[in-house]
Amino acid sequence: MRRKRPGLPPVLGRGVARGWRKLSGGGEKALMPQPRFAGPMPWVIAIMVALTVIAAAAGLALRNTARAAAAELSGGVTVQIVEANPDERSRQTNLALAALAAVPGVSSVREVPQDELDRLIAPWLGAEGEQAAADANDPAAAIPVPALIDARLTGPATAPRLATVRATLHRVAPSARIDAQASWLRPVFGAIASLQWFALTLIVLLAGALAAAALLAARTALGNNRDTIEIVHLLGGTDAQIARIFQRSIGFDAAGGGALGLAAGLAAVLILGRRFAGLEAGLVGAGALGWSDWLVLALVPLAGVGLAMLTARLSVLRALRKML
Amino acid sequence: MTAAEGEIVQFDNVGLRYGTDREVLSDLSFTLFPGSFYFLTGASGAGKTSLLKLLYLAQRPSRGMIRMFGTDAITLRRERLPGFRRRFGVVFQDFRLVPHLSVFDNVALPLRVAGVAERELERPVADMLDWVGLADRLQSRPATLSGGEQQRVAIARAVIGRPEMLVADEPTGNVDPEMALKLLRLFEALNRLGTTVVVATHDVHLLRKVPDCLIMRLDKGRLSDPTGALRYPPRPQVAAR
């Protein structure tokens, strides 16, 4: 039977309560040096996060633009009455308006007013051309501008539906030219999609660079603390305990860098947003970020911290497995 | 009780070589029993430290079989190693104190690794350091301590968790005779509590101070066991102490 003998340190006589719970924060911190923001790691992460926030914001704005444009244009049909004679143009326009209103699936029809038309052509013809086009009393001087009818279908303007509209209109307005509004912007949609892919690729590359930075930081820390790790191992420390110390340390660095990067990225996004808002262009305005987009941007540093910690953990565990 | 049932450590034809060099340890076959006190002696370069490394699982042998606590230690899964290592206390020849930690934190290290709560650390560590005469150096860094003081910290760290087996490599090499005797008494006290103690030493005077000890002598990597007492030990009274 074990019993306490005189001369023993009291701790050996009474023993020490033990548990198998995870190391508490205080104990874990004491195992290895925990330099904070000592190396380039937080700054590298700050730059990565700032760039990722900007790239993500650009991708989200482009998505919003594409969605808004698609929603607005998918059921839109433009009918141009291309007729030089103003009276005939007016006659065919009225007939076309009536015929379109009777086509099933057409939810609204309106003739684009003359002043709106004037504003549309002003950038190309200038104020004089605009005036000339508007001058109904001098048909010889006027530049014949087609009449425009804006029709909305209840669903997307598919080829069969356009064919139906076309057939209906040609009977009453032979000068009518019918176009789905979405088809005009198809190249723009293609370009937007390309830019979105570009933004996504950039985000993936930045995530890869962030993981590589975390990997290098973890390896450096492992190399610097090799002796301590060996001692902790020989005292019964588990790989998971040691890995947790490194992942925590890198997590703190990543969190600091991430916060800094988020602030810088958001500042850049806000400045760019204001610049674009100043353009007052419809398509650009549609790309404004919503609250869910801002939330996604706020999650970027969190994802960065998670990725850095996971990378550190996996690389440390891998390195520790090579030790006995 | 048979040897196989009672052994804490069993070596069978164990050999160790580093890389492609010749074996530094050859044909080691012996059994250590719970509660026994062993001195490991031998000239410098005889392989004492290498044998201790095998004992505290810092090294795997190149050949042979090692059983510890009734388990094959050669094929032991990596996940189980920490649990085994927590059953040992090790005093390293070069102390291996963690330089950035205070004396207190160095001694607390095995307890922290084992998951002892912070509030339960303070008293045992302070008591332990008081006992080895370093109560006033709790917050000192190892670099500010003398060799003897570092050695005492290393010993305090090794024994604070009350290990089942204590392995000490030249534990009295840097302390004065009075402290050496005190530390030896500590090892004996631990041994009386049931801890198996293996002390590697050059100091033959130390051997005489522990009358019931068993002596393992290494000579050029081979264990001198003329009577076969290490390989085929008599029914161990030590284990029943």
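Student: Which residues of H6(A) are buried?

Tutor: Helices (H or I, at least four residues) and strands (E, at least two) are DSSP runs numbered from the N terminus. A residue counts as buried if 20 or more other C-beta atoms, placed from the backbone, lie within 10 Å of its own, as exposed if 12 or fewer do, and as partly exposed in between. By that rule, the buried residues of H6(A) are Arg161(A), Val165(A) and Leu169(A).

Student: What am I looking at, and how are residues and chains labelled?

Tutor: This is a predicted model, where local features need pLDDT of at least 70 and side-chain atom pairs count only at pLDDT 80 or more, while totals for chains, interfaces and linings use all residues. Residues are numbered from 1 along each chain as its sequence is written, and chains are lettered from A, with ligands numbered from 1, in the order in which they are written.

Student: Back to those buried residues of H6(A): how wide an arc do they cover?

Tutor: The arc is taken from the directions that run from the helix axis to the C-beta atoms. Arg161(A), Val165(A) and Leu169(A) are the buried ones. They sit on the same side of H6(A) because the arc they cover is only 60°.

Student: What covers the buried residues of H6(A)?

Tutor: Cover goes by contact, meaning two C-beta atoms, placed from the backbone, lie within 7 Å. Both strands and a helix of chain A turn up here. Included are strand E1 (76-81), helix H4 (86-102), strand E3 (147-153) and strand E4 (176-180).

Student: How far apart are the end C-alpha atoms of H6(A)?

Tutor: The expected span is 1.5 Å times one less than the number of residues. For the 14 residues of H6 (159-172) in chain A that gives 20 Å. The model agrees, because the end C-alpha atoms are separated by 20 Å.

Student: Which residue in the turn between E9(B) and E10(B) has a positive phi?

Tutor: E9(B) and E10(B) run antiparallel, joined by three bridges. Arg217(B) stands opposite Ser224(B) in E10(B). The two strands make a hairpin with two residues between them, and the one with a positive phi of about 50° is Lys220(B).

Student: Is Val91(B) buried or exposed?

Tutor: Val91(B) belongs to strand E6 of chain B. Leaving out residues up to four places away in sequence, Val91(B) touches Ala154(B), Ile155(B), Ala158(B), Ala168(B), Asp169(B) and Pro171(B). With 26 other C-beta atoms within 10 Å, Val91(B) is buried.

Notes: Two strands pair if DSSP finds at least two bridges between them.
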